[in-house]
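Q: I've got a structure to go through before group meeting. Can you walk me through it?

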Amino acid sequence: MSTTSASQTPSTTPAPATGIPRPAHTVLPDARGFFGKFGGSFIPPELQKQMDEINAAYQRISRSADFIRELRDIRRHFQGRPTPIYYCRRLSDKFGGARIYLKREDLNHSGAHKLNHCMGEALLAKHLGKKKLIAETGAGQHGVALATAGAYFGIPVEIHMGEVDIAKEHPNVVRMRILGATVVPATHGLKTLKEAVDSAFDSYLKDPAGSIYCIGSVVGPHPFPLMVREFQRIVGEEARAQFMEMTGGLPDCVIACVGGGSNSAGIFSGFLDDPVELHGVEPLGRGTALGDHAASISHGSEGIMHGFNSYMLKDAAGQPAPVYSIASGLDYPAVGPEHAYWHDTGRTTTGTATDDEALRAFFQLSRLEGIIPALESAHAVAYATKLAPARPFQTLLVNLSGRGDKDIDFVMEKYPNYAQENE
Ligand SMILES: Cc1ncc(COP(=O)(O)O)c(C=O)c1O
């Protein structure tokens, strides 16, 4: 399948959005949680029992009028949805060609798309009578979002975070603590996102009946890839209607960064059955050598990790490989199973952006539009600026998954030269 680096001339081959026979994507996964051969649930029997219960409860509760009404109310009055679509005039003028638009998930309460699924997961936990919400976090955005949801519903929250990320994403750690969450450092291995997931799983296994592991992306065993996608679907549904109203048509391309894949799954879900190209952007970090990036689809192979089958980056022994990205929320060695499926069936195009490209985009968007993006989201912006010159008269819609306040100290301390370049 097509794999495009933002450092090369991006592919101009349209994803086969139309004309190929394909199943109705939105009916997947099947009853066992499979998207084609990807997904499923590969976990110990005691945990499987909990997942079955969560799945049954989700299927029942999420269709009830009460649940739908309460979530709709939360979206509107607490989260501040709908988030707007914004046309980047100065950024588009700089790169020429296509017009670049943003879906402003950075304006979602707590600063990123993560609150969309956290409020859904916590509402489900409330209905299930759970006494504790547990999660991992990389950039801290999922942690902040779950801490916010815990405060809203009055349920205690425990967030697991790699020690390296705790130091890097200090503002988000402070926010989680102010919101009343307990932050547990993951001190093994590389001390980043994968280790945080291991640590959160261990904690969950101590009391699976009384707690719930609110997974932070479209990853993990069934039903989490399904549930998180459904809670994120609001992004795509809003974006489609807003874009039509604003421009009178559909965008030519929708672009989103892919870590585990929740923001991209959310926005893509609104356009799956349209003749619209869907581009997922993976982090290419320092380059293509194993350990220097976290581009799981572009450079990985099929495997099982954290309870699901998907593309993943493996070391020589077949274990999860060390991964790296400047964006803590993207350095995960696997990807959501639906993304693996979309990639293999040709519905999405997978591209990459390096640290360097993301840093440039971080400053370009800040200085040309007055919007400081999260480093994760800056990968999608970078990719759009590479695609734009080759796409005159087209429209590119970028999911701006989060705001960059959490990254400002880190960027200015470690990469002051990028600020000077753009002065
Ligand atoms: C702002 C932002 N965007 C994107 C991501 C990547 O996650 P996902 O691929 O699940 O959207 C993160 C993860 O922390 C994030 O904080």
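This is a predicted model: local features need pLDDT of at least 70, side-chain atom pairs count only at pLDDT 80 or more; totals for chains, interfaces and linings use all residues.

Q: Back up a bit. Where do the domains run?
A: The domain assignment gives domain 1 as 38–76 + 114–224 and domain 2 as 80–111 + 233–421. Their centres, taken over C-alpha atoms, are separated by 22 Å.

Q: What about the largest nonpolar core: which residues touch the most other members?
A: Leu396 and Val398. That core has 117 residues. Helix α9 (residues 224–247) gives the most to this core, nine residues. The core also draws at least three residues from each of domain 1 and domain 2.

Q: What is valine 398 in contact with, leaving aside neighbours within four places in sequence?
A: Valine 398 is in contact with Ile100, Tyr101, Leu102, Ile255, Ala380, Val381 and Ala384.

Q: Where is histidine 279, and is it buried or exposed?
A: Histidine 279 is in strand β11 (residues 277–285). It has 26 C-beta neighbours inside 10 Å, so it counts as buried; the cut-off for buried is 20 or more.

Q: How far is histidine 279 from lysine 103?
A: Their C-alpha atoms are separated by 15 Å. Along the chain, the two are 176 residues apart.

Q: New topic, helix packing. How do α1 and α4 pack?
A: Helix α1 (residues 45–61) and helix α4 (residues 114–128) pack at an angle of about 100 degrees. Their axes are 11 Å apart. An angle of 65 to 115 degrees counts as roughly perpendicular, so α1 and α4 are roughly perpendicular to each other.

Q: Which residues make that contact?
A: Ala57, Tyr58 and Ile61 of α1, with Leu124, His127 and Leu128 of α4. They divide into five nonpolar, one polar and no charged.

Q: And α10: why is it largely enclosed by the rest of the structure?
A: Because eight of the eight residues of helix α10 (residues 262–269) are buried. Among them are Ser262, Asn263, Gly266 and Phe268.

Q: Now glycine 248. Where is it, and buried or exposed?
A: Glycine 248 is in the loop between α9 and β10 (253–257). It counts as exposed, because it has 7 C-beta neighbours inside 10 Å.

Q: What about backbone geometry? Which prolines follow a cis peptide bond?
A: Proline 82 is joined to arginine 81 by a cis peptide bond, with omega about 5 degrees. Another joins histidine 222 and proline 223, with omega about 15 degrees.

Q: Where do those prolines sit?
A: Proline 82 is in the loop between α2 and β4 (85–87). Proline 223 is in the loop between β9 (211–213) and α9.

Q: Which residues other than glycine have a positive phi?
A: Serine 110 is one of them, with phi near 80 degrees. Histidine 306 is another, at about 45 degrees. For background, most residues other than glycine have a negative phi, and most peptide bonds are trans.

Q: Where are those two, and are they buried or exposed?
A: Serine 110 lies in the loop between β5 (99–104) and α4. With 25 C-beta neighbours inside 10 Å, serine 110 counts as buried. Histidine 306 is in the loop between β12 (301–305) and β13 (308–312). Histidine 306 is buried too, with 24 other C-beta atoms within 10 Å.

Terms used
Residues are numbered from 1 along each chain as its sequence is written. A nonpolar core is a set of buried Ala, Val, Leu, Ile, Met, Phe, Trp, Tyr and Cys residues joined through C-beta atoms within 7 Å. A residue is buried if 20 or more other C-beta atoms lie within 10 Å of its own, exposed if 12 or fewer, and partly exposed in between; C-beta atoms are placed from the backbone. Helices (H or I, at least four residues) and strands (E, at least two) are DSSP runs, numbered from the N terminus. Domain bounds come from an automatic or database domain assignment. Two residues are in contact if their C-beta atoms, placed from the backbone, lie within 7 Å. Axes are lines fitted to C-alpha atoms, for helices over the stretch in contact, and angles run from 0 to 180 degrees between N-to-C directions. Angles under 35 degrees count as roughly parallel, over 145 as roughly antiparallel, 65 to 115 as roughly perpendicular and the rest as oblique. Ala, Val, Leu, Ile, Met, Phe, Trp, Tyr, Cys and Pro count as nonpolar, Asp, Glu, Lys and Arg as charged, and the others, Gly among them, as polar.
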